[in-house]
Amino acid sequence: MANDNIIRQLRGLNVLVLHPRDGDAEELLQQLNRIGCRANAIWPPPSCPSDPADLTFIEVRETPDEAITNYLKLTEDRPTLIGMAGYESPSVLQNLIDLEVDSVLAKPVRPYGVLSSIIVARRNWQQSKSNEKIIAKLKSKVENSHKMNEAKIVLMKVHDINEDQAYRAIRQQAMKCRKTIAEVAQSIIDANVMLHDCVAKRVSDDDDLSEGA
Amino acid sequence: MARSSSDKPWTVGVLFSQTGVTSIIENSQLKGTLLAIDEINQAGGIEGRDISPVILDPASNVKQYRIYAEEMLADPELNVIFGCYMSSSRKEVLPVIERQNGFLFYPTLYEGFEYSPNVIYGGAAPNQNSLPLAIYLLENFGSRFYFVGSDYIYPRESNRVMRNIVRQGGGQVVGENYLSLDARREDFEWILEDIRRVSPDVIFSTVVGIGTVNFYTAYHESGGDGFKLPIASLTTNEAEVAIMGRSAAAGHITAAPYFRNIKTDENARFLGKYARKFGSVEDVTSCCEAAYSQVHLFANALRLTGSTGADQLRAVLRGAEFEAPQGRIKIDPDNNHTYLQSRIARLGADGEYRVEREAVRPIKPDPYLAVPTLNDWANAPIGTN
């Protein structure tokens, strides 16, 4: 189904071509036009990104192009990237890796293969986008469960209750204050740290006093 | 003709199957090609030189197309080929053509998603035939479609396009089956049984070649009636109807840029010459007309270039127009496909197609239309006959 959407959405793509205006760029633009994408070619790359593109073709040579690298750095949402490479020498290959392209279009550009490289790039890009989302979600889940455990331990120690009671107390507090469980847990941990700090400080103050006596 | 014998002819390749499963339609394409070549030669040729065809018969064998294309292009005098019907045969010939920088005229409807700078596509792309046909069927017959096709790339891709449009129109595909290209009459029996069981509103057939004759005949013999439950197709044509007979053909529907009995001056002239050369116009089809027009487009280009080089031909063919039997056509300079008429016709009890609907002007080809929407048709106003 996701694959179907990639094909379905082809014509709505905003495509940017960052490549010198030569025969390859011309051939690519014509094929993009046949496919029906909205394509725009700019060279040299603009110093600041204007219209955000969904898909960007970039020239990849043996030395990194500063203008392209800067352009990509300034682009907030990373677009789908397709590298246009005329050589398969190790330095070109390294640049393909460093630029984190989603797929490659070999030069000289022929009409065949443009569509496939777009499809593969979009699939990779979507996959990594959705992976990023999943990772972020899992991260916050793990963090929250850490917090919850810590907060429960604090309550168990302070009030001498069991884990289940501690959990319910936190949940009730969250409902009462209209906060998330994670927020309440964080408050408990913070409060505990503060209390602990105060006591620890007083003890050390006492130590100083006794030493002075 | 007053012409010196030293004038070397322009040699071109002609690659249509005269035998095998797709020979009915490819013979009609061959005849369209030869008629146009005759016309050009009788009018004095190009720069005083005749066009001389090298004709080979790949016998509906896909691999043979490639072998023959290689043989043809090995001749340094030969750089242009007219030929191919099935997509699978075009895909075989394409790498040979591109490698040698030859030039192929492909006078057949196909599923789209191709562009080669070395090919001129003379048949309809799905936006020119599938889309209008789907809309016509949804409006006139209902929303439950049953797909039957030959098992190769064109029917599957063509059905993918059709399925998308049918769904958008709120319809559904209630059955989808494929049979091999050489399917006999009895091979369709289980499908016909399934059709009776499912009882769809319309059958959409992408069966090609001799299978078409077998399918329609089997349908008729099993009690099927085209006036009640029609078979709609993009390929079924006059030549196949002539073989299956009027009773098997009656009531069924085809979408194509051209039908034999359309009334244009060019068509009358075309049919007159065809009848004089071949004795009858029984097997004149839209693919035959496309083949005929493509030879004339080539000849007109050759008059300008004086060379059969692919780069020279391409430069003048892009945007070239021709007053074809179907009406004026034009090669789209963006994609080498052709602006074509779009017509939908139904077979009467007399076995003749009657145009029920046609676009008021040629439709721009859109070979990369992945997901056609019903709205796209809005670009091409329709006239109802």
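Biologist: Ala59(B) first: does it count as buried, exposed or partly exposed?

Modeller: Ala59(B) counts as partly exposed, because its relative accessibility is 35%. Buried means under 20% relative accessible area, exposed over 50%, and partly exposed in between, with a 1.4 Å probe and protein chains only. Before we go on, this is a predicted model: local features need pLDDT of at least 70, side-chain atom pairs count only at pLDDT 80 or more, and totals for chains, interfaces and linings use all residues. Residues are numbered from 1 along each chain as its sequence is written, chains are lettered from A and ligands numbered from 1 in the order in which they are written, and side-chain values use heavy atoms, leaving out hydrogens and water.

Biologist: Fine. Where does Ala59(B) sit?

Modeller: In the loop between β2 (51–56) and α2 (62–74) of chain B. Helices (H or I, at least four residues) and strands (E, at least two) are DSSP runs, numbered from the N terminus.

Biologist: And what's the phi of Ala59(B)?

Modeller: Positive, about 55 degrees, although Ala59(B) is not a glycine. Most residues other than glycine have a negative phi. Asn101(B) is another non-glycine with a positive phi, near 50 degrees. Asn101(B) lies in the loop between α3 (87–99) and β4 (103–106) of chain B, and with a relative accessible area of 30% it is partly exposed.

Biologist: Switching to cis bonds. What is the peptide bond from Trp43(A) to Pro44(A) like, cis or trans?

Modeller: Cis, with omega near -5 degrees. Pro44(A) is in the loop between β2 (38–41) and β3 of chain A. Lys107(A) and Pro108(A) are also joined by a cis peptide bond, with omega about 0 degrees. That proline, Pro108(A), lies in the loop between β5 and α5 (114–159) of chain A. Most peptide bonds are trans.

Biologist: Staying in chain A, which residues of helix α4 (residues 90–98) are buried?

Modeller: Val92(A), Asn95(A) and Leu96(A). They cover an arc of only 105 degrees around the axis, so they sit on the same side of α4(A). The arc is that of the directions from the helix axis to the C-beta atoms. Pro90(A), Ile97(A) and Asp98(A) are exposed on the other side.

Biologist: What do the buried ones in α4(A) pack against?

Modeller: Against β3 (55–60), β4 (80–85) and β5 (103–106) of chain A. Contact here means heavy atoms within 4.5 Å. After α4(A) comes Glu100(A), with a positive phi near 55 degrees.

Biologist: Over to chain B. How far does helix α10 (residues 265–278) reach?

Modeller: From first C-alpha to last, the 14 residues of α10(B) reach 20 Å, close to the 20 Å expected at 1.5 Å a residue. The expected span is 1.5 Å times one less than the number of residues.

Biologist: Which residues of α10(B) are buried?

Modeller: Asn267(B), Phe270(B), Leu271(B) and Tyr274(B). Seen down the axis of α10(B), they fall within an arc of 95 degrees, so they line one face of the helix. The face turned away from that buried side carries exposed Asp265(B), Ala268(B) and Arg276(B).

Biologist: And what do the buried residues of α10(B) pack against?

Modeller: α1 (23–42) and α11 (286–305) of chain B. The axes of α10(B) and α11(B) come within 13 Å and cross at roughly 95 degrees. That angle makes α10(B) roughly perpendicular to α11(B). Phe270(B), Lys273(B) and Tyr274(B) of α10(B) make the contact with Cys288(B), Glu289(B) and Tyr292(B) of α11(B). Axes are lines fitted to C-alpha atoms, for helices over the stretch in contact, and angles run from 0 to 180 degrees between N-to-C directions. Under 35 degrees counts as roughly parallel, over 145 as roughly antiparallel, 65 to 115 as roughly perpendicular and the rest as oblique.

Biologist: What follows α10(B)?

Modeller: Gly279(B), whose phi is positive, near 90 degrees.

Biologist: Last one: at what angle do α4 (residues 126–140) and α5 (residues 153–168) of chain B pack?

Modeller: About 45 degrees, with their axes 10 Å apart. That makes α4(B) oblique to α5(B). Among the residues that meet there are Leu131(B) and Leu138(B) in α4(B), and Val161(B) and Ile165(B) in α5(B).
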